[in-house]
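Here is a short briefing on one protein chain. Look over the sequence and the fold before reading on.

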Amino acid sequence: MKSRTAGFTLLEMIVVLVIIGLIMGLVGPRLFGQADNARVQTAETQVKMLKGALQTMRLDISRFPSTEEGLELLNTRPADPALARRWRGPYLEESLPSDPWDRPYIYRGEPGETEAFVLFSYGADGQPGGEDLNADIGYLPAR
């Protein structure tokens with residue numbers, strides 16, 4: 001008597017792979033869409049966190065950073081001795097974050113649409129303007 005070894009046939013394996021492919025075809029796009037939405041929400045949260053740090057620093061030194069000083073002033077003591085005496089930083093617990101697409105946030109020490117400074121990310125496409133996931137996120141320049 002020959003004993004038959006237990007296992008899967010090639011046909012059974014192909015059927016399983018087709019089923020897995022169909023499931024991934026249905027679920028995959030939804031998962032990737034959620035990941036993109038999570039990046040936008042992360043950028044919005046980081047911009048608000050940076051705004052809070054900027055406002056705290058403004059209370060100490062009586063102004064927001066200039067465009068030249070940039071967001072680095074949140075973690076680096078100013079060179080000006082008069083300003084350095086009032087600076088109580090660092091104002092961020094960690095280093096300056098990049099946006100979720102691994103690009104630096106754009107900061108300008110000029111009035112924007114809604115704030116006394118401009119602070120934003122270009123979004124997923126890295127280009128000015130855009131819609132949906134590609135829209136600019138943050139406190140935008142005055143138009």
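The points below cover overall fold, surface and charge, and backbone details.

This is a predicted model: local features need pLDDT of at least 70, side-chain atom pairs count only at pLDDT 80 or more, and totals for chains, interfaces and linings use all residues. Residues are numbered from 1 along each chain as its sequence is written, and side-chain values use heavy atoms, with hydrogens and water left out. The protein chain has 2 helices and 3 strands.

**Fold and dimensions**

- The order along the sequence is α-α-β-β-β. Helices (H or I, at least four residues) and strands (E, at least two) are DSSP runs, numbered from the N terminus.
- The C-alpha trace of the protein chain spans about 95 × 35 × 20 Å along its principal axes.
- Take the contacts between residues at least 6 apart in sequence: 46% of them join residues at least 24 apart. A contact means heavy atoms within 4.5 Å.

**Surface and charge**

- Of the 143 residues in the protein chain, 29% are buried. Buried means under 20% relative accessible area, exposed over 50%, and partly exposed in between (1.4 Å probe, protein chains only).
- The accessible surface comes to about 9900 Å², and carbon and sulfur atoms account for 57% of it. Areas come from the Shrake-Rupley method with a 1.4 Å probe; for residues, only the protein chains shown count as cover.
- The protein chain carries 15 positive and 19 negative charges, and their mean positions are 5 Å apart. Lys and Arg count as positive, Asp and Glu as negative; His and the chain ends are not counted. Each charge is placed at NZ of Lys, CZ of Arg, CG of Asp or CD of Glu.

**Loop between α2 and β1**

- P90 sits in the loop between α2 (81-86) and β1 (106-108). The peptide bond from G89 to P90 is cis, with omega near 5°.
- D102 is also placed in the loop between α2 and β1. D102 is not a glycine, yet its phi is positive, at about 65°. Its relative accessibility is 66%, so D102 counts as exposed.

**Loop between β2 and β3**

- D132 lies between β2 (118-121) and β3 (137-139), in the loop. Phi of D132 is positive, near 55°, in a residue other than glycine.
- D132 counts as exposed because its relative accessibility is 70%.
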